[in-house]
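Look at the structure below before reading on.

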Amino acid sequence: MMRQKRRVRVMVAKPGLDGHDRGARIIARAYRDAGFEVVYTGLHQTPEEIVEAAIQEDVDMIGLSSLAGAHKYLFPAVVEFLKERGADDIVVCGGGIIPDDDIDKLKEAGVKEVFTPGTPLEEIVNWVENNVKPRQD
Amino acid sequence: MSHIVEKVVAGDVRTVARLIRDIDDGMPEVREVLKGLYPHTGRAYVIGITGAPGVGKSTLVDQMVAHLRKRDKTVGVLAVDPTSPFSGGAILGDRVRMQRHSMDQGVFIRSLATRGHFGGLTQSTRSAIDVLDAMGKDFILVETVGVGQDEVDVVRSAHTTVIVVIPGMGDDIQAIKAGILEVGDIFLINKADREGADKTLSDLRLMIDMDQKKYDRGSWKPPILKVQAVFDKGITEFLEEIDRHAEYLATTAGGLQTRGTRDKVSQELGEMIKARLIEEVIDRLTESGDFDRAVESIVKGKTDPYTACENLVFPILSSSP
């Protein structure tokens with residue numbers, strides 16, 4: 001048992017019916033290269049499943065990806081279930097094809113940041129490094 | 001500390017999840033918790049599953065969970081994936097195949113990265129097994145890519161060790177056999193609908209039959225089964241073989257009671273002493289600055305690493321050989 005530096009643990013998840021996970025995989029890879037431990041859940045997850053998995057994995061952040069327009073329901077649902085389970089210390093951010101008009105609403109609902117297509121990977125990684133700290137308690 | 005023990009024993013998922021991370025991160029505080037948990041361990045049946053990447057371990061584990069749940073058994077899963085040696089990060093993707101169980105309160109799935117720790121993977125995985133055991137899981141499935149001594153040790157510490165191969169990887173079996181073939185209690189040929197399954201079966205059988213004398217003396221003879229995990233074919237028979245192996249362990253020396261055989265306990269204690277000693281010694285040497293000073297003088301050519309090592313270690317042991 002050698003004390004190690006706490007690592008950031010994140011989960012990359014695809015809620016809903018949209019079956020395109022290329023973006024999510026690229027993000028997962030970028031996170032790995034930044035030195036994070038990345039749990040990938042795969043496609044077609046319900047918000048409840050994502051929250052349950054995030055708790056079991058003790059992640060510091062959940063990154064949600066949605067390309068099919070259901071983000072307005074799915075992203076806030078994840079935030080709500082986290083609250084219900086007493087795990088709202090886990091940061092939620094999202095990305096995908098998300099109209100500008102929706103971004104503020106998602107943020108109001110508790111999604112901490114939203115990344116739209118074209119955002120450089122470096123910017124996303126930097127955001128995580130600055131906004132998500134490994135659990136210290 | 002004691003409230004953490006109570007919460008783990010009561011099966012609190014969040015407490016268990018956090019504790020496993022603290023173990024993985026080597027937080028010294030967890031030692032007291034692990035001491036408190038120990039009396040609650042020794043009840044779970046641990047199955048180690050190993051094989052090369054892509055042979056279908058995660059899919060197999062997913063099916064095993066489904067079958068065990070049908071038997072009303074609770075299940076803990078530890079899925080180990082490699083850490084990138086370059087960034088220290090890891091993509092833990094085993095869960096993808098098992099997510100259908102994530103809402104099932106009788107199942108706890110945790111992904112672990114191998115990280116860089118020397119001997120540490122074995123230690124931390126074993127402690128994580130203890131936590132899931134204390135939490136009350138009936139079965140604990142540990143999945144690793146069987147590369148490297150650490151990972152072999154992890155699966156060896158299981159009650160039943162399962163080696164998964166696929167047809168057409170003849171050379172792969174060769175590669176595997178030096179390290180891990182000896183430790184298999186059950187061999188699975190997954191994706192058995194593929195060409196070459198029978199050839200793989202006969203290759204394996206030949207290898208296993210070479211130890212016939214051992215089996216004649218009463219040793220366990222590893223069965224070889226053809227399965228197709230993704231189609232749920234052969235899994236029932238596979239679990240029956242696990243039952244049979246458990247029965248064998250229960251009726252032979254040591255049995256499965258609590259911590260298994262004397263051999264396993266002494267191996268575990270030995271490794272723990274090793275890891276703890278190294279940790280304490282290195283901690284002390286770094287804190288006092290002696291370590292850095294020694295590095296400095298080796299770099300400057302004032303001494304050699306052999307002498308430096310002795311000068312550092314002997315005073316700590318307070319008696320030289």
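In chain B, Asp290(B), Phe291(B), Ala294(B) and Ile298(B) of α12(B) meet Pro305(B), Ala308(B) and Leu312(B) of α13(B), where contact means heavy atoms within 4.5 Å. By class, this contact of α12(B) with α13(B) holds 6 nonpolar, no polar and 1 charged residues. Ala, Val, Leu, Ile, Met, Phe, Trp, Tyr, Cys and Pro count as nonpolar, Asp, Glu, Lys and Arg as charged, and the others, Gly among them, as polar.

The model is predicted: local features need pLDDT of at least 70, side-chain atom pairs count only at pLDDT 80 or more, and totals for chains, interfaces and linings use all residues. Residues are numbered from 1 along each chain as its sequence is written, chains are lettered from A in the order in which they are written, and side-chain values use heavy atoms, with hydrogens and water left out.

**Helix α12(B) with α13(B)**
- Helix α12 (residues 290–299) and helix α13 (residues 305–317) of chain B pack at about 160°, with their axes 10 Å apart.
- Axes are lines fitted to C-alpha atoms, for helices over the stretch in contact, and angles run from 0 to 180 degrees between N-to-C directions.
- α12(B) and α13(B) are therefore roughly antiparallel (angles over 145 degrees).

**Helix α4(B) with α10(B)**
- The axes of α4(B) and helix α10 (residues 235–251) of chain B come within 10 Å and cross at roughly 75°.
- That makes α4(B) roughly perpendicular to α10(B) (65 to 115 degrees).
- Leu60(B), Gln63(B), Met64(B), His67(B) and Leu68(B) in α4(B) meet Ile235(B), Thr236(B), Phe238(B), Leu239(B) and Ile242(B) in α10(B).

**Second largest pocket**
- A pocket is an open set of points on a 1 Å grid over the protein atoms alone, with protein on both sides within 12 Å along at least five of seven lines; lining residues have an atom within 4 Å of a point.
- The second largest pocket has a volume of about 660 Å³.
- Its lining has 28 residues, and Gly54(B), Ser58(B), Gly93(B), Asp94(B) and Arg97(B) lie nearest its centre.
- The lining of this pocket divides into 12 nonpolar, 7 polar and 9 charged residues.

**Second largest cavity**
- A cavity is a set of such grid points where a 1.4 Å probe fits but cannot get out.
- The count comes to 4 cavities of 30 Å³ or more.
- The second largest cavity holds about 50 Å³ of space.
- Residues of both chains line this cavity, among them Glu52(A), Gln56(A), Val13(B) and Ser102(B).

Notes:
Helices (H or I, at least four residues) and strands (E, at least two) are DSSP runs, numbered from the N terminus. Angles under 35 degrees count as roughly parallel, over 145 as roughly antiparallel, 65 to 115 as roughly perpendicular and the rest as oblique. Grid points are joined across faces, edges and corners, and a volume is the space filled by probe spheres set on the points.
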